[in-house]
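Thanks for coming, everyone. Let me put today's structure on the screen, and then I'll walk you through it.

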Amino acid sequence: MDAKDILGLPKTPFSSSQEKKSRPPKEPQRKPDGVSREVYALTGGVGMAPLMPTIEASHLKRRPAAEKEKVAWQWLPFTSSARTDNLQLYHWVRVVNGVPPTGDYQFAKYNKKVDILKYTDEEYEKYLIDPAWSREETDQLFELCERFDLRFIVIADRFPTSRSVEDLKSRYYSVSRTLLIHRARSFDDVSGNPLVKDSYDAAHDTERKRALSALLSQTKQQERKDAETLAEAKRIMESRAASKTVDEAGMPSSSYNAMVPVDGVSPLSSTHPPLTHPNTAANSSIPNSLRALRVYLRTHALDQMVQAASASAGLRVIKRVDQTLQDLGVNLKPKVPTKAVCVEHLELQYEILTLLNLQKQLQNKEAEVLANRESSFTEAPSTPKRSNRDIDRPFVPDTVGFTGERAGKRDHKRKVCCFFPFFCY
């Protein structure tokens, strides 16, 4: 028994064609885009020969391969221009292709020095004498200020006499300010200098440090109590502002253009609320939300005042007011919203609203007059009525005109128009 018997394979040998590995069929070449079928068939599938050597676009954008840089780190000495003793120190430096970097130490640019003013003996005797400070103390102070770059905590620690930080600051800044003022040609030349513009206040600095120390030394219980006090104060302020707004809304305001009642009916009593004067409205009807800001757009305040004035008028009346402004050639919002322009604009809207209100009242009055006159044509109740049978009248046939109306109705309309010409349409 051999391996073929174990695997169950036939014992006949494989043919030579089966022993050869079958090659995968070649894929047919695809016709490139932009080439017609006839041209592609004539070229034998190879394609048209290029007129000049072609280069791929990617090769044009590819940067030329640079030479490989040999980077190494070396322990080299260096000096810094920030030091005056020429001290030589060592540090690790990145060396490229065996060439060490040259130039100044890279962190020397951060060594900033303060320009300390120097005074002469003549200037000290003339401008800088202070009974609380001697010449030796002033010289020591300026020397330490130059040495420690105005770090007054360190200067106070190194100062030979017991002086507070505020005393050292006050003496230095007062001397520097005096020198700047007297060395300048005019005060305007140095008025923008911080030492001249903002003089040092030792009392304010002391109070600031005391308040900061008291704040930092508070316990958790004191911080919680302060937070509750602030919250209560805020609540009281909000309640006072709300009550003030209610009081202002409930106060009777003087009417703009007081109208004399006719027949006991005020023309502004039925449809719209009484209108306040624009100047009063511009000053008193500004919302509290805008007053709290202290800085706001005047056009925004004008919009809110107009909305508050016409809130009860209705949407139709508001549209009529806007249409009237457009008919008059007035912008709905002022282009130059100064205070005077906004007041005049608000006054014009109040007058238009008053005019529309009067027109409404006039229409109501005319309707009442019409109703009264129609009722006056009826006979009085004491007059004895005669029956239609007792009246001798000729027979008049109802004729119809060209318009389709009867003559009796047309005559009746003519009579009505004679009595009430303003109702003829």
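One term first: contact means heavy atoms within 4.5 Å. A second one: helices (H or I, at least four residues) and strands (E, at least two) are DSSP runs, numbered from the N terminus.

Now, what are we looking at? This is a predicted model, where local features need pLDDT of at least 70, side-chain atom pairs count only at pLDDT 80 or more, and totals for chains, interfaces and linings use all residues. Residues are numbered from 1 along each chain as its sequence is written, and side-chain values use heavy atoms, with hydrogens and water left out.

Confidence next. pLDDT is the predictor's confidence in each residue, from 0 to 100. The chain averages 75, and 66% of its residues reach 70 or more. Residues 387–392 fall below 50, and that stretch has one contact in the model beyond near neighbours in sequence. Residues 394–405 also stay under 50, with 10 contacts beyond four places in sequence. Where pLDDT is low, the predicted coordinates should not be read in detail.

Let's turn to helix H8. It covers residues 165–183, which is 19 residues. From first C-alpha to last it reaches 27 Å, close to the expected 27 Å; the expected span is 1.5 Å times one less than the number of residues. Which residues of H8 are buried? Among them are Val165, Leu168, Tyr172, Val175 and Leu179. Buried means under 20% relative accessible area, exposed over 50%, and partly exposed in between, using a 1.4 Å probe and protein chains only. The cover over these buried residues includes helices H5, H6, H7, H9, H10 and H11.

That brings us to the core. A nonpolar core is a set of buried Ala, Val, Leu, Ile, Met, Phe, Trp, Tyr and Cys residues joined through side-chain atoms within 4.5 Å. The largest one has 18 residues, and Tyr119, Leu141, Cys145, Phe152, Ile155, Leu168 and Tyr172 touch the most other members. H6, H7 and H8 each give two or more residues to this core. H8 gives the largest share, five residues. Take Phe152: beyond four places in sequence, its contacts include Cys145, Val165, Leu168 and Tyr172.

On to charges. A salt bridge is a side-chain nitrogen of Lys or Arg within 4 Å of a carboxyl oxygen of Asp or Glu. How many does a search of the whole structure find? The count is 14. Glu137 and Arg163 form one, at 2.9 Å from N to O. Glu137 sits in H6, Arg163 in the loop between H7 and H8, and they are 26 residues apart. Glu137 is buried, at 15% relative accessible area.

Asp205 is buried at 5%, while Arg208 is partly exposed at 42%. Elsewhere, Asp121, Arg135 and Asp139 are linked in a salt-bridge network.

Last stop: loops. Asn86 has a phi near 55 degrees, a positive value in a residue other than glycine. Asn86 lies in the loop between strands E1 and E2, and is exposed at 67%. Asn97 also has a phi near 55 degrees. Its loop runs between E2 and H5, and Asn97 is partly exposed at 45%.

That's the tour. Over to you.
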